[in-house]
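Here is a short briefing on one structure. Look at the chains first, then read the points below.

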Amino acid sequence: MGNLLEHMGIERDRIHFSWISSAEATKFVDVVKEISNKVRALGPNKKLVKDYN
Amino acid sequence: MENPYLPYPVRIDNIEIATEDKSLKTFKFVFLNPEDEKKFSYQAGQFAELSIPGVGEIPIGIASSPVEKGFVKFTVFRTGVVTSHLHNMKIGDIMGIRGPLGNWYPWDKLENKNVVIIGGGFAFTTLRSSIIYMLDPANRKKFKNIDVVYGARSPGMLLYREELYEWEKRDDINMHITVDGTNDPTWKYHKGFVPQIVEQNAPKADENTYAIICGPPIMIKFTQPALVALGYKEHQIIMSLENRMKCGIGMCGRCNIGKELVCKDGPVFTLEQLNKTPKEY
Amino acid sequence: MKFITIDKKNWAKGIEKSRETYRLFGPVKDKNGVFIRTLEKDMLPDMTINDSIMSVKSVLFPQTEKILFTTLDEAKEDHHIMKRVEFDSSPRAVVGIRPYDAKAIELVKMNFDTDDYRDPYWCDAYEATTFVGVGINKPGPFDFSTSAGTGPFSESGLDVLMADLDNAYLAKILTGKGEAFMKSCGFEKNTDEKESQALFDILRKEAEKNISSHIDTGKLKGKTVLELHEAPFWDDIAFACINCGTCTFVCPTCWCFDIQDETKQKSAGRFRNWDTCMSPLFTKHATGHNPRDSKTQRVRQRFMHKLKYFPDKYDKGIMCVGCGRCVKSCPVNIDIREVCKIMNSYEKNN
Amino acid sequence: MDTCIQKIREIAFQLLDKKEVEKVIGFSNGTIPMATSPITIASKQDTEKLVFNSTCGLNLANYIRQQKGKIAVIAKGCDSRNIVTHIIENQVKRDQVYIIGVPCNGMINKSKIKSLFEDEIQKFEEDGDSLIIESSSKKEKLKKNDYLRENCRLCQHRNPVIYDVLAGDLVKEQIIDVPYPDVEKIAALEADARWIHFQDLTKNCIRCYACRNACPLCYCPTCFVDESGPQWVGKGQDKTDINTFHFLRAFHCAGRCTDCGACAEACPMDINVRDFTRKLNKDTFDMFGWEAGLDLTKRPPLDAYSPDDPNDFIK
């Protein structure tokens, strides 16, 4: 799915898949930190956003 | 002519749980602009689109009666997206009502006639509206005998229970209330399915007797033969249909049965009319 | 009746001039075919092609149209009170519309402008629009318009009908709206009425002669709805159908729509979108019950509506103008001409 | 392919005559040039209606679900692979379908041929390897191989992979050195250019869903675009909703798509929706060595867990 989004021109770092057990709290925190840093670096997303009008 | 898609703004004035399983609630609405109430002048049997901005619209039969002023009432079964949302709304919330829509029970034709009202489950809303209308002191003398057969699964599933029991006590209306079954030892009305109660209790047809049926398809299916057995002709059996609707004004095209549009040419049809159209309802 | 000749050398200039008054729409070539689009600056309508993939209906009835809006912000006084989206009532003109598409608009008008209700979105757009048509000199092989109540030079629904005379257009002014449009282009060179009409008649006859495809609807009226509805042929007709709805979207006379609400943050909008009777969702009740659950029922609905319900209801002929778009676009080649033949020739006891 | 038509008709006749199947699903001649229409034949007298030629671009596997009794179906290479997928996904049982395999030389690209003509095509004939096409203004004789659909040009499974009987001699399979040139071409673009490519690709989409409905893989009782409780995708012409539909439709076909081309064939707007699915086909091939519908015994890769899954999200 990530590959297809990337193929469509959506930055790869905007989507993230992870396998985290409910017991792996620290892993969850780390992953979320990692994602938010990556997305922050990319700036606001302009693709696949609804116009609504 | 105003924009028929534009709902009148209303405020939810009261919400009552209508059945014991809480799947039905009765909503009382008051118009934000008093002059809209006049524009929303309706007859028993019509419906309206309840319109929740950002969620959608649903066509619902009007449960209040033209003789009740100052508010409109709808009893809504929780089933889809809009009805679920509506069930979670609170007194004081603002939404919209678009209507009145569709035709109504043929009150002109029913004058000086015996009227038998047959309802099942939660399809009793426009029938309630009709009964209140007919029992209104100004109207009661326009009709001869009034019989009502109304059934639900259990006593707690009957709509408008208080009113039913009140009507039961009156002598100008013959009530035949029934439930599919109950363990309540104090239950003093009928037990049994509607078609069976109709067969046993409804008056035999003469040319001055008309039956109005509203209920789930299975009830209608078995009530028809019961009425035929009592001598009712196709044109004496009046039914109210439901189909998926969107516009409510005969334009969006989905609710047709043959060339008739349920939203505009209906929802009230006689069996005679229905027998000439495809059974796509 | 007034006739005007337009030298093709002046065409582009005149169209440009009309933009001072009108928003223009017309056929435009795109990579996937010809579409009816807004003509942006310097774009001219393509007057040469016989047919566009999509019809002109979208000018009055966009595939998606916001009809109402409101705010959900309870801090605002008018929250949850819906209002009509502001309507651009400035004049618009569709230039290069084919005569059968104009006829289709007349048919669709019967749905949107009734004694009981007037659809303000469609009707206001209709009133703002001038339809400038061009006759089809060489109708294609799938054009059966003459047997569907219109034709390559049919005038109904048009404000101006033009004829393409190689280096000039001859325009027949049919309404005041049409006259105003021509005036706004600066096209005012009158020509002899009798001669021009004679020329139109010749062109029309020539074009009609070229039409090779016909349908016969004569016997439909005499059959009952139930007779046709219960006829045994529907399963065979519907077998190939994939229920895509292409036929309804390309059809100039299909008007069915859906109403959907959407929200973004605190604002809510009510939209109407084209819908199609080919979709199971079209009639599905909230309870899950669906009166037209099977593909056969839906295919039957489409043809019964066009060829039986509509003619019975309005007594104005069939709800088809013979443009042939659905015949060409159907992925599985379900052909309304064939279906019409089957329906028209069906005898119950055979 | 004339001999193959005769053979198909004979087989169909025999099957119906001996009541081995209830009906035969195949193609019949269309009412306009370059059109054929799926048809079901229930009586042996009607087997003459069956045809097969290079305009039979739809996938008949789409028509075999929810049929009563045993049916026979005519299957090209790609159709047969979708039948395999159907069997794996429990949409039909193997003993419910009698597969009349038709080795295939490729289907023609109708829109490419149409674009050669200014006016409407009035006549289409196929004669061996050549196509004779006429409009009111001109006549063209084309070499079929120059006008194949892209998926047929790149096809490596022209012969049915599963069948009960063959209606023609097996053909030589093509060996394609670069099986995904189209995907690579897009991949070589910058991200923004790729985005623009897909925006442009779908801009004329009218959301008729012909691509979905022509696809044998799309058999969900309620498609995600139709689901209303909760609603996943807006129903209007917003380009984001349109792209969401195309993107997710493709994704639902990942590891299942045989690139039969029915989606693009059915599109009334000539949108090559395969640009979406092909990327996933390439990925499943590169990552899992997988091509859909070749093996009755294997589940598609996105439907199975393997400890050596190459995806990086399991770490």
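**A sheet in chain B**

In E5(B), Phe77(B) is the bridge partner of Leu24(B). This is a predicted model, in which local features need pLDDT of at least 70, side-chain atom pairs count only at pLDDT 80 or more, and totals for chains, interfaces and linings use all residues. Residues are numbered from 1 along each chain as its sequence is written, while chains are lettered from A and ligands numbered from 1 in the order in which they are written.

Strands (E, at least two residues) and helices (H or I, at least four) are DSSP runs, numbered from the N terminus. Two strands pair if DSSP finds at least two bridges between them.

**Strand by strand**

- E2(B) and E5(B) run antiparallel and are joined by six bridges.
- E2(B) also pairs with E1(B), in the antiparallel sense, over seven bridges.
- Within that pairing, Ile15(B) has Phe27(B) of E2(B) as its bridge partner.
- The hairpin of E1(B) and E2(B) has six residues between the strands, and Lys22(B) there takes a positive phi near 65°.
- Strand E2 (residues 24-31) of chain B is mostly covered, with six of its eight residues buried.
- A residue is buried if 20 or more other C-beta atoms, placed from the backbone, lie within 10 Å of its own; it is exposed if 12 or fewer do, and partly exposed in between.
- Strand E1 (residues 8-17) of chain B is joined to strand E6 (residues 94-101) of chain B by four bridges, and the two run antiparallel.
- Pro9(B) stands opposite Gly96(B) in E6(B).

**The whole sheet**

- The open sheet has six strands in the order E4-E3-E6-E1-E2-E5 (chain B), with antiparallel pairing.
- Its edge strands, E4 (56-61) and E5 (72-77) of chain B, each pair on one side only.
- From one strand to the next, the twist averages 40°.

**Domains**

- An automatic or database domain assignment sets the domain bounds.
- Chain B has domain 1 (8-100) and domain 2 (107-240).
- The C-alpha centres of these two domains of chain B are 24 Å apart.
- In chain B, 18 residues of domain 1 are in contact with 14 residues of domain 2.
- Two residues are in contact if their C-beta atoms, placed from the backbone, lie within 7 Å.
- Chain D has domain 1 (1-105 + 153-176) and domain 2 (179-302).
- Their C-alpha centres in chain D lie 25 Å apart.
- The contact takes 20 residues from domain 1 of chain D and 18 residues from domain 2 of chain D.

**Between chains**

- Chain C brings 38 residues into contact with 35 residues of chain B.
- E10(C) gives the largest share of the side of chain C that touches chain B, five residues.
- 15 residues of chain A are in contact with 20 residues of chain D.

**The core**

- Nonpolar side chains tend to be buried together in soluble globular proteins.
- A nonpolar core is a set of buried Ala, Val, Leu, Ile, Met, Phe, Trp, Tyr and Cys residues joined through C-beta atoms within 7 Å.
- The largest nonpolar core has 268 residues, and those touching the most other members include Ala211(B), Val160(C) and Ala266(D).
- H3(C) gives the largest share of this core, seven residues.
- Not counting residues up to four places away in sequence, Ala266(D) touches residues including Ile242(C), Pro331(C) and Leu58(D).

Note on methods:
Axes fitted to C-alpha atoms, helices over the stretch in contact; angles between N-to-C directions.
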